[in-house]
Amino acid sequence: FNASYALTWYQKAILEATNYRVGEYNKKELESLYNRINEYTIKENGIESFIEHLAQTGVIFFVLPHLQKTYLDGAAFLLDKTPVIVYTGRYKRIDNFWFTVAHEIAHVLMHLNADIPFVLDNLKNGDFNDIETEANEIAADKLKHNEIIAYLEPSLHYLTTLNIEDCANKLEIHPAIIIGKLAHEKKISYRHQNLFNENVLGLIPSQNQINSL
């Protein structure tokens with residue numbers, strides 16, 4: 001990890017954020033959207049729709065590519081009084097996108113203020129302090145991680161794609177999120193993470209993507 005590279009990435013993110021225009025931030029509207037995040041994971045064009053609705057709550061969102069030696073998945077910060085969420089696409093998977101966004105929304109709602117104006121997140125290998133642990137727990141709750149494990153526990157020793165699809169339909173959650181959770185908990189091998197997945201950058205509108213640093 002190179003701290004100066006991370007700060008360079010952050011300064012670039014601030015610069016790019018000034019090019020986006022959204023309305024006044026409405027915390028209650030963001031909370032309402034956040035409570036329905038699982039619904040967007042399974043909607044047709046759900047990622048595009050979710051990004052549009054984020055903007056309507058007064059939150060800026062865009063993709064800024066990962067910078068070497070930073071290991072960042074995403075970030076949340078305040079631009080004046082406007083929350084900004086940035087996704088790096090480091091892993092480019094659907095499950096990684098939704099967990100990163102859910103994690104960053106938790107920071108926006110719970111943690112960003114005058115004393116904590118920004119958070120840069122490495123969600124795979126980071127040293128988790130209290131606010132990171134809380135953001136992880138909230139994101140996991142919104143994406144139904146505990147419910148996924150409870151639903152599939154009886155069939156983990158003979159898990160099939162049909163089990164995953166049944167769970168996804170029952171919990172109204174994208175099957176890639178189920179696979180990601182099971183792999184994270186070492187219930188299945190990481191080599192299965194491409195199941196139900198695709199390059200998420202192809203699902204994010206081009207106007208919300210910065211192509212290079």
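Colleague: Is Asp-73 buried or exposed?

Modeller: Buried means under 20% relative accessible area, exposed over 50%, and partly exposed in between, with a 1.4 Å probe and protein chains only. Asp-73 has 1% relative accessibility, so Asp-73 counts as buried. This is a predicted model, in which local features need pLDDT of at least 70 and side-chain atom pairs count only at pLDDT 80 or more, while totals for chains, interfaces and linings use all residues. Residues are numbered from 1 along each chain as its sequence is written, and side-chain values use heavy atoms, with hydrogens and water left out.

Colleague: Where does Asp-73 lie?

Modeller: Helices (H or I, at least four residues) and strands (E, at least two) are DSSP runs, numbered from the N terminus. Asp-73 lies in the loop that runs between strand 1 (60–63) and strand 2.

Colleague: With which side chain does the side chain of Asp-73 make a polar contact?

Modeller: A polar contact is a pair of N or O atoms within 3.5 Å; within protein, one must be able to donate a hydrogen and the other to accept it, and residues adjacent in sequence count only if both atoms are side-chain atoms. The side chain of Asp-73 has such a contact with the side chain of Arg-90, at 3.1 Å. There is also one with the side chain of Asn-96, at 3.4 Å.

Colleague: Which residues does Val-63 touch?

Modeller: Contact means heavy atoms within 4.5 Å. Leaving out residues up to four places away in sequence, Val-63 touches Tyr-87, Thr-88, Leu-201, Ile-204, Asn-208, Gln-209 and Ile-210. Val-63 is part of strand 1, and its 3% relative accessibility makes it count as buried.

Colleague: Which residues of the largest nonpolar core touch the most other members?

Modeller: A nonpolar core is a set of buried Ala, Val, Leu, Ile, Met, Phe, Trp, Tyr and Cys residues joined through side-chain atoms within 4.5 Å. The largest one here has 49 residues, and those touching the most other members are Phe-50, Phe-61, Phe-97, Trp-98, Ile-105 and Ile-178. Helix 5 (residues 94–110) supplies the largest share of this core, 10 residues. A second, separate core has 15 residues, among them Trp-9, Leu-64, Leu-72 and Ala-75.

Colleague: Which residues of helix 4 are buried?

Modeller: An α-helix has 3.6 residues a turn, so residues three or four places apart point the same way. In helix 4 (residues 46–56) the buried residues are Gly-46, Ile-47, Ser-49, Phe-50, Ile-51 and Leu-54. They pack against helix 2 (27–35), helix 3 (37–42), strand 1 and helix 5. The contacts of Phe-50 include Leu-33, Ile-37, Tyr-40 and Trp-98. After helix 4 comes Gly-58, with a positive phi near 95 degrees.

Colleague: Which residue has a positive phi although it is not a glycine?

Modeller: Asp-80 is one of them, with a phi of about 55 degrees. Asp-80 lies in the loop between strand 2 (74–79) and strand 3 (82–87), and at 74% relative accessibility it counts as exposed. Phe-196 also has a positive phi, about 65 degrees, without being a glycine. Phe-196 lies in the segment after helix 9 and, at 27% relative accessibility, counts as partly exposed.

Colleague: Which residues in helix 8 and helix 9 meet?

Modeller: Ile-164, Cys-167 and Ala-168 in helix 8 meet Pro-175, Ile-178, Ile-179 and Leu-182 in helix 9.
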